[in-house]
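Morning, everyone. Please bring up the structure on your screens, and we will walk through it together.

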Amino acid sequence: MTNTATDTVDAAKAAATAKETLSFQTEVKQLLQLMIHSLYSNKEIFLRELISNASDAADKLRFESVTQPALLGEDADLKVRVTVDREARTLTIADNGIGMSREDVIANIGTIARSGTREFFKSLTGDQAKDAHLIGQFGVGFYSAFIVADRVTLITRRAGLAANEAVRWESDGAGEFTLEAVEKPTRGTEVTLHLKSGDDDFLDDWRVKSVIRKYSDHIQIPVLMKGDGEAATEEAVNRASALWTRPRNDISADQYEEFYKHVAHDWESPLTWVHAKVEGKQEYTQLLYIPGRAPFDLFDRDRKHGVKLYVRRVFIMEDAEQLLPRYLRFVKGVVDSNDLPLNVSREILQESRDVDTIRAGCTKKALGMLEELAQSDNAANKEKFATFWKHFGRVFKEGIAEDTANRDRIAKLCRFVSTASEGDAQDTGFADYIARMKPGQDKLYYVTADTLAAARNSPHLEVFKKKGVEVLLLAEPVDEWWLGMLEEFEGKKLASVAKGDLDLGALADESEKKAQDAISDELKPLIEKMQTALGERVKAVRVTHRLTESPACLVVDENELSGNLERLLKAAGQKVDRAAPTLEINPDHPLVRRLESEIKGDSEDARFADWALVLFDQALLAEGGQLDDPAGFVKRLNSLILSSR
Ligand code: ADP
Ligand code: MG
């Protein structure tokens with residue numbers, strides 16, 4: 001795909017003036033078809049998308065003109081003009097913003113090189129109803145014009161370019177578009193929609209105005225339309241003041257939501273938001289949102305993130321990643337600073353102390369709004385928190401490792417699957433767990449594994465099941481990371497069920513301990529012989545009290561890498577030197593008993609070694625590990641099965 005796109009750009013440069021016909025990228029074609037068919041029931045949103053683009057174009061121009069005032073020139077009042085032509089059956093949205101050069105046009109509306117596009121197409125099912133929902137999530141911006149238009153003409157001139165360097169783009173949305181050099185006396189972009197025959201209602205001024213008021217009231221620049229009556233002058237249809245500068249009780253929930261869709265380029269409503277003006281060392285306004293779902297590339301730690309930065313209402317940059325820590329990369333919105341210089345760059349942001357203050361403030365507010373949802377008794381809010389966790393929990397958990405200053409607050413918001421959860425629901429917080437702890441229990445127990453099923457069925461859980469002690473089931477790669485950083489929660493230590501010399505503290509009873517010691521003595525000869533047979537593979541062999549059903553399991557020391565983490569690191573291409581694990585055997589299991597009878601019966605050493613190895617390999621398999629020599633395992637197992645008849 002990339003190749004075709006580059007070729008197209010080159011070709012376009014070569015024939016920069018002639019009219020030429022180019023093909024949309026395959027994905028654009030698919031997207032257009034899908035959109036035209038699936039967004040039919042919510043047609044009017046095309047207007048919001050086009051006005052949103054005009055507003056972005058004004059923002060970009062105002063930003064560039066900070067260093068190049070000539071770009072703004074005489075024409076300094078940035079605005080959008082919407083015109084209806086009943087005779088020609090057209091609706092035109094014109095702005096005097098940044099405009100586009102020929103290359104810009106090809107890059108921005110001839111291809112869709114947006115992140116997540118490939119994931120989006122992979123997630124399509126072919127089922128129209130489901131895909132219609134997906135497209136709403138993906139967002140299609142400019143192309144939404146084709147919901148109501150069977151032909152779209154865009155004429156644009158980049159600020160700073162001459163009148164004869166303007167471009168005319170036109171398409172019927174089927175698969176091709178034409179490009180042609182034209183004259184345009186003013187800078188900016190003019191999008192003309194040739195309305196489909198059924199869409200006459202968008203030729204009605206009153207209807208168009210009401211759509212603009214509904215979706216675009218918050219847009220910072222005026223959206224002008226001709227007033228009523230023949231000779232009437234133009235008037236602004238929207239309020240044309242930046243939403244975040246208005247007092248909170250002056251803004252309706254709908255307006256907050258529409259503004260979110262504009263800043264976040266999202267088509268769905270956010271879960272919640274916080275709007276605050278901060279005064280003090282740094283003066284700034286923040287309007288932060290939690291989206292209702294994850295973007296397609298959320299899990300990429302390098303994805304663009306952050307909120308839009310404004311300085312005294314002038315747009316400065318998109319994705320100002322310095323304003324929020326990475327684990328909050330799903331938060332969207334606006335920060336408008338009163339103190340930063342207008343010419344602030346990403347580099348300056350990186351070093352600025354002032355920005356640290358703003359970041360700390362934004363982080364606190366973001367955590368605060370999540371806490372509000374989490375602690376609410378209101379069912380709708382609880383539902384929202386669950387949605388937040390489902391979409392963003394995996395990313396949010398990175399915060400435990402990353403943000404030492406807020407570690408406790410973050411940990412408190414985290415939710416996990418536990419052995420007490422309903423099915424696979426991530427519904428258990430540390431506080432819930434503590435509230436359910438057994439008398440005498442002083443640790444928070446967890447197991448990590450590759451999958452939830454592996455965690456749930458881990459042999460290490462057997463003793464906990466027997467004693468009715470809850471265990472957190474952690475099966476996401478990020479879990480190993482933060483577990484390495486969080487030692488305790490509210491004074492209670494976190495303990496892996498697969499690590500160390502399982503000390504159940506007051507949960508274990510004295511008589512059990514005595515019985516175990518006796519069995520250990522009894523099995524000493526077996527243990528020694530197994531140790532010899534397994535050699536380097538194990539650090540030690542010992543009798544366990546973890547198991548009730550399985551014959552054996554592997555255990556690592558408190559400070560060693562868990563088997564799960566070792567596998568993760570290996571999968572990530574890292575070299576790991578892991579100390580050999582300890583093999584714990586279940587003295588009550590018939591296989592272990594059988595092995596013991598083997599030594600008493602004086603069997604051959606080779607056969608004994610086979611038994612020992614099979615036990616070891618089984619334990620490794622049960623915790624999700626991979627055998628060094630799977631074929632050898634199968635051979636040994638088969639020979640034991642045959643000989644045991
Ligand atoms: P998005 O706004 O999410 O980037 P769109 O499909 O709405 O996606 O627009 C694609 C791109 O086309 C924009 O990012 C912008 O670069 C360019 N564009 C669209 N409309 C305009 C306009 N009125 N003025 C300048 N550039 C525009
Ligand atoms: Mg857009």
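One thing before we start. This is a predicted model.

Let's begin with the domains. The protein chain splits into four parts: domain 1 covers 14-233, domain 2 covers 244-375, domain 3 covers 415-506 and domain 4 covers 510-643. Those bounds come from an automatic or database domain assignment.

Look at domain 3 and domain 4. How far apart do their C-alpha centres lie? The answer is 23 Å. Now the contacts. Domain 3 puts in 17 residues, and these touch 21 residues of domain 4. Together, domain 3 and domain 4 bury about 1,900 Å² between them. Carbon and sulfur atoms give 48% of that area. How many salt bridges are there between domain 3 and domain 4? The count is zero.

Salt bridges do turn up in the structure, though. The total is 44. Let me show you a few.

Start with Arg-168 and Glu-170. Their side chains meet in a salt bridge, at 3.2 Å from N to O. Is Glu-170 buried or exposed? Glu-170 has a relative accessible area of 14%, so it counts as buried, the cut-off being under 20%. Arg-168 comes out at 21%, so Arg-168 is partly exposed.

Next, find Arg-409 and Glu-371. Here the salt bridge is 2.8 Å, N to O. Where do the two partners sit? Arg-409 is in helix α13, residues 407-413, and Glu-371 is in helix α10, residues 353-375. The two are 38 residues apart in sequence, so this pair ties those parts together. Arg-409 is partly exposed, at 27% relative accessible area. Glu-371 is buried, at 17%.

Glu-44, Asp-201, Arg-207 and Lys-214 are linked in a network of them.

Now to the rings. The model has 27 aromatic pairs. Take Trp-273 and Tyr-289. Their ring centres are 6.0 Å apart, with 50 degrees between the planes, and the pair is classed as tilted. Why tilted? Planes under 30 degrees apart would count as stacked and planes over 60 as edge-to-face, so 50 degrees falls in the remaining class.

Which elements does this pair link? Trp-273 belongs to strand β10, residues 272-278, and Tyr-289 belongs to strand β11, residues 284-290. The two residues are 16 apart, and the pair links distant parts of the chain. Tyr-289 is buried, with 0% relative accessible area. Trp-273 is partly exposed, at 24%.

One aromatic cluster is formed by Tyr-327, Phe-330, Phe-385, Phe-388, Trp-389, Phe-392 and Phe-396. Highlight those seven on your screen and have a look.

Last topic: charges over rings. Which ring does Arg-48 lie over? Arg-48 lies over the face of Trp-267, 5.9 Å from the ring centre. Then go to Lys-529. Its charged end sits over the ring of Phe-608, at 4.7 Å from the centre.

So, to recap. We saw four domains, 44 salt bridges and 27 aromatic pairs. Thanks.

Definitions and conventions:
Residues numbered from 1 in each chain as written. Chains lettered and ligands numbered in written order. Predicted model: local features only at pLDDT ≥ 70, side-chain atom pairs only at ≥ 80, totals over all residues. Heavy atoms only, no water. Phe/Tyr/Trp six-rings, centres within 6.5 Å; stacked < 30°, edge-to-face > 60°. Helix = DSSP H or I, 4+ residues; strand = E, 2+ residues; numbered from the N terminus. Buried < 20%, exposed > 50% of the residue type's maximum accessible area, 1.4 Å probe, protein only. Lys NZ or Arg CZ within 6 Å of the ring centre and 35° of its normal. Salt bridge = Lys/Arg side-chain N within 4 Å of Asp/Glu carboxyl O. Contact = heavy atoms within 4.5 Å. Buried area = accessible area lost by both parts, 1.4 Å probe.
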